[in-house]
Amino acid sequence: MRLVALLLLFHLGSWAQSTPAKPLTAEEQAAYVQANYTKYEYRIPMRDGKRLFTSIYMPKDPLQTYPFLLSRTPYSCSPYGVDRYRASLGPNEMFLKSGYIFVYQDVRGRYMSEGVFVEMTPHRALKRGAQDVDEATDTYDTIEWLVKNIKGNNGKAGIVGISYPGFYAAAGMIEAHPALKAASPQAPILDLFLGDDAYHNGAFYLAANFGFYAFFGKKKTEPELPDPNARRFEFGTPDGYQFYRDLGPLSNGDEKYFKHESPYWTDLLAHTSYDEFWKSRNLAPHLKAVTPAVLTVGGWFDAEDLQGPLRLDASLSKQSPVTQHTLVMGPWVHGGWARGQGSKLGPVSFGQKTSPWFRENVEFPFFEHHLKGAPDPKLSRAIVFETGTNRWRHFDSWPPQGETKRLYFHAGGKLSFSPPTEAESLDEYLSDPAKPVPFTGYTTLGMAQEYMVSDQRFASSRPDVLSYLSDVLEEDVIVAGPLQPHLFLSSTGTDADYIVKLIDVYPNDFPEHGGYEQLLRGEPFRAKFRESFERPKPIEPLRLFEVNFEMPDVCHSFRRGHRILVQVQSSWFPLVDLNPQRFGDVPNMTRGDFVKATQRVYHDAKRPSGIGVTVIQPAP
C-alpha cells in the first residue's frame with residue numbers, strides 16, 4: 001500500500017513543480033522512477049548486423065524534449081522486462097528529477113547483447129568496412145539509432161560511466177557522433193598493463209585480479225540473462241595473505257580454481273610484458289580531435305583505477321588541446337564520488353562532504369549546460385582536492401606549475417631535500433619470498449580500499465623495509481603531480497621488485513592519531529623492465545643498476561609539525577604477486593624458482609637515490 005501511495009503522490013506532481021529539498025529515500029526514488037518514466041526495451045542494430053540490448057527510460061511529460069544520457073556496461077543493464085524498473089536512474093537524484101532519456105546498454109557479447117565480448121576492445125583507427133567495429137562504432141551507431149527512432153529527444157546526448165563503464169565512455173567519445181555533446185569517463189580503465197587494474201610497471205596486481213576474474217567468468221556464445229544462482233568465489237578464509245601464500249605460483253590459479261575456464265585470467269598470465277595484446281588495448285593514442293566536452297573524474301585513493309583518469313587527461317591535453325575538458329580528483333575510493341558523503345576514509349577525515357559537493361556543483365551542472373543549455377558552470381581546467389589541508393583547489397593546468405625538487409635518502413634513515421655528500425653509503429635488506437611484506441597491517445581478503453591510507457607503522461618495524469624520515473617540518477610542504485623515484489640499486493638475484501611508498505607521519509601529540517603513518521601513494525616496479533616494458537632483461541647479480549619510474553599523482557600538504565617518510569621494500573603481498581627474484585616468466589615458475597635475495601639501495605654523492613616531487617605554493 002505504501003508503494004501505491006508513493007506512486008500516486010509522484011504521478012500527481014509535474015516536471016515543472018519544485019521538488020523537495022530533502023533527498024529521496026531509496027523507496028521514494030524507486031516510486032519516483034515508476035511514476036515519472038516509462039520503460040522500453042530495444043535491440044539496437046549495429047553496422048555489422050549484431051544487435052545490442054538496450055533499456056530506455058522515457059520521461060512521461062510529453063510537452064518537453066530531453067537529451068539522452070547513455071551508460072554502456074559489461075555488468076548487465078538489468079532488470080530485464082518492460083514492467084521491471086531500475087530503482088534509480090542517472091548518476092544521482094538531481095538527474096532523475098531534472099528529466100533525461102536514460103539509456104542503459106549491455107555491451108557487445110555481454111548478457112542480452114549479441115556478438116563476441118572482447119576484454120578492453122582494441123580501437124580500430126583504420127576501418128575498412130562494416131565488419132571493422134569497436135566501442136567507438138557501437139557508441140556511434142547506438143546514438144544514431146536513438147536520435148532517429150526515439151521521439152521527444154532534443155538531438156543531444158551524453159555518456160557517463162564508472163570503472164569499466166568509464167572505459168566505454170572514453171572509447172565512445174573517440175570519432176564521436178555529432179549529437180554526443182558531453183562525456184564523463186569516471187575512473188576509466190585506459191591501459192591495463194601500464195598502471196590500471198592488471199599490471200603496474202610489470203608487477204601483477206594479484207589480489208584485485210584473482211577476485212575479479214573469479215566472477216567475471218566464462219565467455220558466452222548466445223545472449224543470456226544473468227544467472228540468478230551465480231555466486232562470488234568462496235575463499236574459505238578471511239585471510240587473503242595466507243590464501244595467496246597457499247596458492248603458490250600463479251599458474252596454480254588455473255590448475256586449482258579456474259580450471260582454464262576463465263579466458264580473461266588466462267590472457268592476463270599469457271601476456272606478462274607490454275606486447276601487442278596490451279598495446280592494442282591502450283586508448284591513449286586514439287584520443288585525438290575529441291569533440292564532446294569532457295569531464296574526467298578520479299579518486300586519490302582509488303585502489304583500482306587511479307592512473308586511468310590521470311593518463312586520459314594528460315592524453316587529451318597533448319593530443320586534443322582544443323577539447324573543453326576538466327579533470328576532477330577528489331579524496332575518494334573507487335566510485336566514491338557517486339555515493340555516500342566522501343568525508344573520510346578509514347581514520348582519515350577530509351573535513352567536509354566532498355561527494356555531494358561534486359555531484360551538486362560539478363557533475364550535474366556540467367551535463368545540464370552541455371545537454372540542456374543551462375548556464376555555463378565555468379569549471380576550472382582542474383578541480384583537485386588537496387589532502388592534508390582538506391580544501392578544493394582550482395588550477396589552469398594539471399600538473400600545476402611548481403618547483404621540481406628531490407627528496408634524497410641519507411645514511412641513518414634520514415630524508416631531506418639536500419643531496420647526500422658521503423663518498424660511500426648504502427642500506428641493505430634480505431628479501432625472502434617465503435615471508436613477504438604484507439600490504440596492510442591487519443587481516444583482509446582481496447584488495448581493501450582502505451589500504452590507500454593505511455597506517456604503515458607495521459611496515460616500519462620490519463627488517464626488510466627501508467625507511468627514510470625527514471626532520472619535523474617547520475612549514476607546510478605541498479606536493480602536487482606525479483612522483484618520480486630515482487633509485488641506485490644492486491641485488492644478489494636476477495630480478496626484483498622495488499615498492500616505493502610516500503607517507504605522511506603525524507605528530508605524536510596529534511589528537512586520536514598520534515604517530516600515524518598515513519600512506520599517500522605506493523607503487524611497485526619490476527626491475528627486469530627497467531630498460532623496456534616490451535623486452536625484460538635480467539639483473540646482473542651484485543652489479544649497480546638504476547630504476548627510474550613515475551608514480552601516480554598526488555596533491556597533498558604535509559603540514560607543519562608533520563614529517564615526510566619514504567619507504568622502499570621488495571614485496572607488497574598479496575596486492576602484488578611475488579617476484580621469484582630469479583629472472584623468468586613468473587606465471588610459469590615453480591616454488592623452487594623462488595629464492596632469497598639481498599637488496600642494496602645506495603645513497604651517496606655519486607649514487608643519490610631519492611624521489612622527485614613538484615612543490616607548489618599554498619592556495620591564496
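**From a loop to the sheet**

Tutor: Pro 399 lies in the loop between strand S14 (391–395) and strand S15 (403–410); helices (H or I, at least four residues) and strands (E, at least two) are DSSP runs, numbered from the N terminus. The model is predicted: local features need pLDDT of at least 70 and side-chain atom pairs pLDDT 80 or more, whereas totals for chains, interfaces and linings use all residues. Residues are numbered from 1 along each chain as its sequence is written, and side-chain values use heavy atoms, with hydrogens and water left out.

The peptide bond that leads from Trp 398 into Pro 399 is cis, with omega near -5°. A cis bond also joins Ser 78 to Pro 79, with omega of about 10°; Pro 79 sits in the loop between strand S3 (66–73) and helix H3 (93–98). As a rule, most peptide bonds are trans, and most residues other than glycine have a negative phi. Ala 187 has a positive phi, near 50°, and lies in the loop between strand S6 (180–186) and strand S7 (199–200). Its relative accessible area is 0%, so Ala 187 is buried (buried means under 20% relative accessible area, exposed over 50%, partly exposed in between, with a 1.4 Å probe and protein chains only). His 260 also has a positive phi, near 60°, but its relative accessible area of 52% makes His 260 exposed.

Ten strands form an open sheet of mixed pairing, in the order S1-S2-S4-S3-S5-S6-S9-S10-S13-S14, where two strands pair if DSSP finds at least two bridges between them. At its edges are strand S1 (37–45) and S14, each of which pairs on one side only. On average, neighbouring strands of this sheet are turned by 20° against each other, direction ignored; axes are lines fitted to C-alpha atoms, for helices over the stretch in contact, and angles run from 0 to 180 degrees between N-to-C directions.

Within this order, S5 and S6 pair in the parallel sense over six bridges, and Ile 159 stands opposite Ala 183 in S6. Helix H4 (residues 135–149) packs on the sheet and touches S1, strand S2 (51–59), S3, strand S4 (101–106), S5 and S6, its direction making about 145° with that of S3. H5 also packs on the sheet, touching S3, S5 and S6, and its direction makes about 135° with that of S5.

Val 160 is buried, with a relative accessible area of 8%. Beyond its neighbours within four places in sequence, its contacts (heavy atoms within 4.5 Å) include Leu 69, Ser 71, Ala 169 and Phe 367. The C-alpha atoms of Val 160 and Leu 69 are 7.3 Å apart, although 91 residues separate the two along the chain. Ser 71 lies in strand S3 and is buried as well, with a relative accessible area of 16%. Apart from residues up to four places away in sequence, Ser 71 touches Val 103, Tyr 104, Gln 105 and Val 160.

Further along the sheet is strand S10 (residues 325–330), which is largely enclosed by the rest of the structure because six of its six residues are buried. In a regular strand, side chains alternate between the two faces of the sheet. In S10, His 325, Leu 327 and Met 329 point one way, and Thr 326, Val 328 and Gly 330 the other. With strand S9 (residues 293–299), S10 pairs in the parallel sense over six bridges, and Leu 295 stands opposite Thr 326.
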